[in-house]
Amino acid sequence: MTPLRRKIVAGTALAGSACALVALATGIFRPAAVSASRPIVIKFSHVVADETPKGAAALYFKRLVEERTQRGVLVQVYPNSELYKDKEELEALQLGSVQMVAPSLAKLGPLGIGEFELFDLPFLFDGYASLHRVTDGPVGRQLMARLDEVGLLGLAFWDNGFKEMSADRPLVVPADFRGLRMRIQSSEVLDAQMRALGAIPDAMALSDVYAALASGVVNGTENVASNFLTQKMYEVQAFLTLSDHGYLGYVVVVNQTFWNQLPGSVRSVLDEAMKDATRFANDIAKSENDAALDRVRKEGKTQIIELSPQQREAWRAALSSVHEGFQRRVGKRLLEDAYRAIGSGRTEARRS
Ligand code: LMR
């Protein structure tokens, strides 16, 4: 059993038994509301490996829900784009083919709610604390409300971490990006980010990235260390710069029609399990990325580049225009509210 799996099992046993007691004591969950012969099935599709913050949290959520409902609700987790790729999983959710997904915040633009791309702005957060002031505050609530317009309900924000840049050549100064074809997620902000660096952005599904890097269709990409490791990008990227220039995180969403037809007692159990799974995801996010980076180092196939404060400042300066462009696209107000929540010092050292 990997250390991460051990954590999921141990955490689940604890939280599960505590909750079962609470449920019994309060009578919140009434098994009679769910027929044992026909359990409710929640298909939870996502695009990353089990051994990542999102993958582990999805499995943790599954265990909590199945224990707390005595398997009256089954959560079937489909990782690694097994069922649907990035764009398809959101369409499948809207059509009711799956009931729960957790896309990265960068992937909601195609649904017409590009405000979530706020999180893609380069050098916006100075670490997890300022990020949480946005997700847990009025800006987060405002964004969650937008999901309503597309028939979805946002249950939680799940952390991942700060992205690094990789390529088939060293990326040290902004000019190093000139002419490189860089894979991005489907976000206009990320498109603008790569263009500001002089690179050519290429939006593609995560499941296509390894082959695109291996064949040279793209020269490089950006991602968190846990995805860089588990998608085996380290095998086909000779250089990784620890830039921490942007954030990658998720919103866990369900189809509203599905949610509204669930018995209230089941919704309560799911809500509680989601709170616990969110705590779990956010607790492991940083350590999982740190551990993944160590593994990449040990694999020895990718040269890891550290930026000096001056070099990092040059990246930040080269990317500052992306903030202005975003303001034109989604409005000054949202951006100002986010800046206010983040507070000063948003360009300082990160990953704390
Ligand atoms: C990516 O496509 O690179 C990420 O959004 C994948 C993920 O879900 O972490």
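Guide: Let us begin with a definition: Ala, Val, Leu, Ile, Met, Phe, Trp, Tyr, Cys and Pro count as nonpolar, Asp, Glu, Lys and Arg as charged, and the others, Gly among them, as polar. This is a predicted model, in which local features need pLDDT of at least 70, side-chain atom pairs count only at pLDDT 80 or more, and totals for chains, interfaces and linings use all residues. Residues are numbered from 1 along each chain as its sequence is written.

Visitor: How do the residues of the shell around the ligand divide into nonpolar, polar and charged?

Guide: The shell holds four nonpolar, five polar and two charged residues.

Visitor: And which residues are around the ligand?

Guide: They are Val47, Val48, Lys54, Asp86, Ser104, Asn160, Gln185, Leu206, Asn223, Asn227 and Leu248.

Visitor: Let me step back. How many helices and strands does the protein chain have?

Guide: The protein chain has 13 helices and eleven strands. Helices (H or I, at least four residues) and strands (E, at least two) are DSSP runs, numbered from the N terminus.

Visitor: What share of the residues is buried?

Guide: Buried residues make up 48% of the 352 residues in the protein chain. A residue is buried if 20 or more other C-beta atoms lie within 10 Å of its own, exposed if 12 or fewer, and partly exposed in between, with C-beta atoms placed from the backbone.

Visitor: Which members of the largest nonpolar core touch the most other members?

Guide: Those are Ala57, Phe61, Phe228, Val252, Val253 and Ala277, out of 97 residues in that core. Helix H10, residues 264-299, gives the most to this core, with 13 residues. A nonpolar core is a set of buried Ala, Val, Leu, Ile, Met, Phe, Trp, Tyr and Cys residues joined through C-beta atoms within 7 Å. In soluble globular proteins, nonpolar side chains tend to be buried together.

Visitor: What is Phe61 in contact with, leaving aside neighbours within four places in sequence?

Guide: Phe61 is in contact with Val75, Ala273, Met274 and Ala277. Two residues are in contact if their C-beta atoms, placed from the backbone, lie within 7 Å.

Visitor: Now the sheets. What is the order of the strands in the open sheet of five?

Guide: The order is E2-E1-E3-E10-E4, and the pairing is mixed. Two strands pair if DSSP finds at least two bridges between them.

Visitor: Which strands stand at the edges?

Guide: Strand E2 (73-78) and strand E4 (152-162) do, each with a single partner strand, so one side of each is left without a neighbour in the sheet. Elsewhere in this sheet, E3 (residues 100-101) and E10 (residues 247-255) pair in the antiparallel sense over two bridges. There, Met100 has Val254 of E10 as its bridge partner.

Visitor: What about E9? Which strands does it pair with?

Guide: E9 pairs with strand E5 (residues 164-167) in the antiparallel sense over three bridges, and with strand E11 (residues 303-306) in the parallel sense over four bridges. In the E11 pairing, Leu242 has Glu306 as its bridge partner.

Visitor: Where is Gly246 found?

Guide: Gly246 is in the loop between strand E9 (239-242) and E10. It counts as buried because it has 26 C-beta neighbours inside 10 Å. Not counting residues up to four places away in sequence, Gly246 touches Asp120, Pro122, Lys163 and Glu222.

Terms used:
A residue is near a molecule or strand if its C-beta atom, placed from the backbone, lies within 6 Å of it.
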